[in-house]
Number of protein chains: 2
Amino acid sequence: MAEEKHLRDMRTVWWQEDARGEAVCMIDQSLLPGQIVYLTLAHEQQVADAITTLKVRGAPAIGVTAAFGLALALYRFLREQGETPAPVEVEEHLRTVGEMFRRTRPTAVNLQWAIERVLRRADRALSEQCSLPHLAQALRDEAQAIADEDFQACLKMGRYGAELIADGDILLTHCNAGSLATAGWGTALAPMYVAHRAGKHLHVYVDETRPVLQGARLTAWELQQEGIPLTLITDSMAGHFMRCGGIKAIFVGADRIAANGDVANKIGTYSIAVLAQAHAIPFYVVAPRSTIDLKRSSGDQIPIEQRRSDEITHIRGVAIAPTGIQVANPAFDITPHSYITAIITEAGIARSPYNKSLPDLCLGYHDTERQADI
Amino acid sequence: MAEEKHLRDMRTVWWQEDARGEAVCMIDQSLLPGQIVYLTLAHEQQVADAITTLKVRGAPAIGVTAAFGLALALYRFLREQGETPAPVEVEEHLRTVGEMFRRTRPTAVNLQWAIERVLRRADRALSEQCSLPHLAQALRDEAQAIADEDFQACLKMGRYGAELIADGDILLTHCNAGSLATAGWGTALAPMYVAHRAGKHLHVYVDETRPVLQGARLTAWELQQEGIPLTLITDSMAGHFMRCGGIKAIFVGADRIAANGDVANKIGTYSIAVLAQAHAIPFYVVAPRSTIDLKRSSGDQIPIEQRRSDEITHIRGVAIAPTGIQVANPAFDITPHSYITAIITEAGIARSPYNKSLPDLCLGYHDTERQADI
């Protein structure tokens, strides 16, 4: 079945258990597309480092990764303790590891959400006097459930989004919000995959997405694998091709969405949204409900990760700027909701006014207890 | 004197005559800022190649280069001919070399303008029965005059433009329209240099300018040399910093300006202009009158150079995209005049309606005979 094949081809993060013990496995996205290298990480610190150094990236994917990482941390903890630790020690250990994961990337809320969900599962199991080995299995299962739910959510977003794509459409996307950024299918790319498999002809302009080039390295590769025609462009060309290239719609992902519909996403998203509005091109954000942070009333309240200057001054280790200059490197920007045509989630499509439509879509999904206060 | 020091520090292209013969010399801009390498080119084909491969770039600078290249071609021709050639052969040779230079870069009109000016000088000298050695000197002098006039024009643009900059302003520029792009001072950067030397405090956001990174490599370097504080950003950050960074004005150069004020400039300029309008930030184009092509009624008529795909798929020889993908690489885009607050020339500042203000500024400068029909 095509959908299953897609999952196998593009598996981003998964759990492994064998005679050597437990591990979180992933494809090293920092080396794509030049090298396909799989990592087997047996320590939670390695998992945190993989998130920080963008070996795994994409808001849903890093949520899944941290969830597996917490399960891994517990398995390791139980193995290393000479005698069975007290539940309070287990709880303390999981909180500490959770804090470590939280600090890896501050903007994507799915990460915080997944950590909170796994910790809540641990609390519940411990309060039910669950044995520690069973607790470890429960956390592993919870992480797997997050991955499985993300996969299904992406497929649903793909189906909703595909309805907005007509046969022959020329589209544009920024960064990588594809299979690699999720447990499968992707967010922004899922509608393209579903439309393509339904026989619609597409052509996708792919922004290369400086500084880390997720568009050139990952999205171009994913679309190429899928057989969807694409044109790789520099980020600076987006406006030119909106004016001259016949672009019919723009699809991007999100790292966090505030209650009013303001969207934090990869740096450059805001420019594209303004350009889209100037050209009367629909601008769609595709993201699961785990990306929606109803506790933030607007984008101003979303923390923006500042990354190292050498991402700008060097490309693959080669200096491209004079030494000693000042650099700004915000990893994300905020797109105010007024630029967003619709937000496509697994529960349906939200439109303006978002401060009504988003809470409606999230009814019964988020409860305030469950969402991390970060 | 500071202005002279500036010229010496930043000399881009110059003529050399010594016992070994004549040569066109230049700093190899493709290696900046990592290596400072001066080229001594003794053959017009080398000069053409240097333009094509961006060893020298910037609309005014390549005009000066081609002018010197034509003089070089004549010196070489006279040296190689066993017997004194007929004037008609000289004329034919110069036309052929002129055609070679014309083909190097189709968008910048200064190149066409400078070639035409030198060829016209040759016609005049030949019609006056000028001796061939004197003709060669006349062409060299004409090329030098183009360079000297460009230097003076840049200084004048700098003075006009500096009036638009207040103490403490935060500015943004794209690509390199600095000393390196001209015979000195630059176009878009000249107002910053003049304002800075007048004691105004500035801070400049510099777009890195993919794919060739003229912003990161050249503008950042020039401003650093001059002691003007700057922040290097990726092109995708321009909108974010217009929203959050307090940018007060944007200065860019131009490769060709149509009679209605539409501007061809480095790819990405159009996006910035649209973003500037959305943020109510003045968007200034700085260019000498040699950039204005009154024969083109609008930007639609300006040819846009398409460059090689490996400028996008590789950075300094390292692949950053999957092999075999389709790439678009227009070197320039068109910014419609409605986005342009003012066009700053050496003869004053033009404002809308440009189809009146530009011809007025060019009165007595362009005559239709003189401008190439290309």
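Author: Let's start with a rule: two strands pair if DSSP finds at least two bridges between them. Strands themselves are DSSP runs of E, at least two residues long, numbered from the N terminus. One caution: this is a predicted model, in which local features need pLDDT of at least 70, side-chain atom pairs count only at pLDDT 80 or more, and totals for chains, interfaces and linings use all residues. As for bookkeeping, residues are numbered from 1 along each chain as its sequence is written, chains are lettered from A and ligands numbered from 1 in the order in which they are written, and side-chain values use heavy atoms, with hydrogens and water left out.

Now find strand β2 of chain A, residues 21–27. On one side, β2(A) pairs with strand β3 of chain A (residues 38–41), running antiparallel over four bridges. Look there for A:Met26, which sits opposite A:Leu39 in β3(A).

β2(A) has another partner to look at: strand β1 of chain A, residues 13–18, also pairs with β2(A) in the antiparallel sense, this time over six bridges. To get from β1(A) to β2(A), the chain takes a hairpin through two residues.

Key: Buried < 20%, exposed > 50% of the residue type's maximum accessible area, 1.4 Å probe, protein only.
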